[in-house]
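This report describes the packing and overall form of one protein chain. Please consult the sequence and the model shown below.

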Amino acid sequence: MLQVYLVRHGETLWNAARRIQGQSDSALTEKGEQQAHQVGERVKHLGITHVISSDLGRTKRTAEIIADACGCHVQLDPRLRELNMGVLEQRPLDSLTEEEESWRKTLVDGTENGRIPNGESMTEMATRMHDALNACLKLPAGSRPLIVSHGMALGVLVSTLLGLPAHAERRLRLRNCSLSRVDHQQSAWLAEGWVVETAGDVSHLAEPALDELQR
């Protein structure tokens with residue numbers, strides 16, 4: 001059985017300011033750095049052999065802190081990037097017009113072909129996220145990888161592993177530096193392949209963490 005740990009990056013300046021990040025970037029806050037260290041303390045005894053990260057700055061920095069705790073190097077994979085949010089990237093949420101907010105809402109309310117202009121659909125993101133996860137199956141026997149990615153990206157990955165369509169209403173909260181785990185296994189009582197063991201665990205964090213839309 002292959003166990004893969006999933007971590008959302010630490011809190012960023014734009015998370016705290018409620019600005020849309022997408023594939024634009026924002027540095028970790030001091031709290032975000034602390035959260036990454038707390039994840040490192042949580043997982044450093046789990047036998048992590050590979051730390052694989054989105055190549056965006058906020059995930060890369062989170063991964064570096066965790067990898068240092070685990071004695072690993074960071075491998076970058078652009079397939080693990082956040083959803084491309086098109087023309088709304090870098091915008092404060094409270095600055096959106098009614099039309100712009102309707103575009104954003106299509107990403108979370110179950111609209112089948114939802115997409116922000118010049119952006120990416122949830123289905124497109126799910127495809128690349130699954131490709132990145134399945135690449136872990138090619139690691140040497142006995143590997144235990146940890147992936148560092150983003151809230152919407154990890155949310156669509158876990159949701160689709162559970163059998164939901166990529167465009168399904170978003171009902172899975174993955175806060176900053178939350179820890180999830182998926183396993184690739186065979187079981188008499190579960191579907192063969194990837195199964196979700198845990199999702200969104202924040203018990204290792206000293207303080208409450210943000211999700212994308214927290215006020």
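## Surroundings of I147

Beyond its neighbours within four places in sequence, I147 is in contact (heavy atoms within 4.5 Å) with V4, Y5, L6, V7, I52, L80, L133 and C136. The model is a predicted one, in which local features need pLDDT of at least 70, side-chain atom pairs count only at pLDDT 80 or more, and totals for chains, interfaces and linings use all residues. Residues are numbered from 1 along each chain as its sequence is written, and side-chain values use heavy atoms, with hydrogens and water left out.

## Nonpolar cores

A nonpolar core is a set of buried (under 20% relative accessible area, 1.4 Å probe, protein chains only) Ala, Val, Leu, Ile, Met, Phe, Trp, Tyr and Cys residues joined through side-chain atoms within 4.5 Å. The largest such core has 34 residues, and I147 is among those with the most contacts inside it, together with V4, L6, L107, M122, M125 and L133. Two or more residues come from each of β1 (2–8), α5 (122–135) and α6 (151–161); α6 gives the most, with 7 residues.

A second, separate core of 19 residues includes I48, I65, L179 and L205.

## Overall form

The chain has 6 helices and 6 strands, taken as DSSP runs (helices H or I, at least four residues; strands E, at least two) and numbered from the N terminus. Of its 215 residues, 52% count as buried. Residues 24 or more positions apart account for 73% of the contacts with a separation of 6 or more.

Methods:
Buried < 20%, exposed > 50% of the residue type's maximum accessible area, 1.4 Å probe, protein only.
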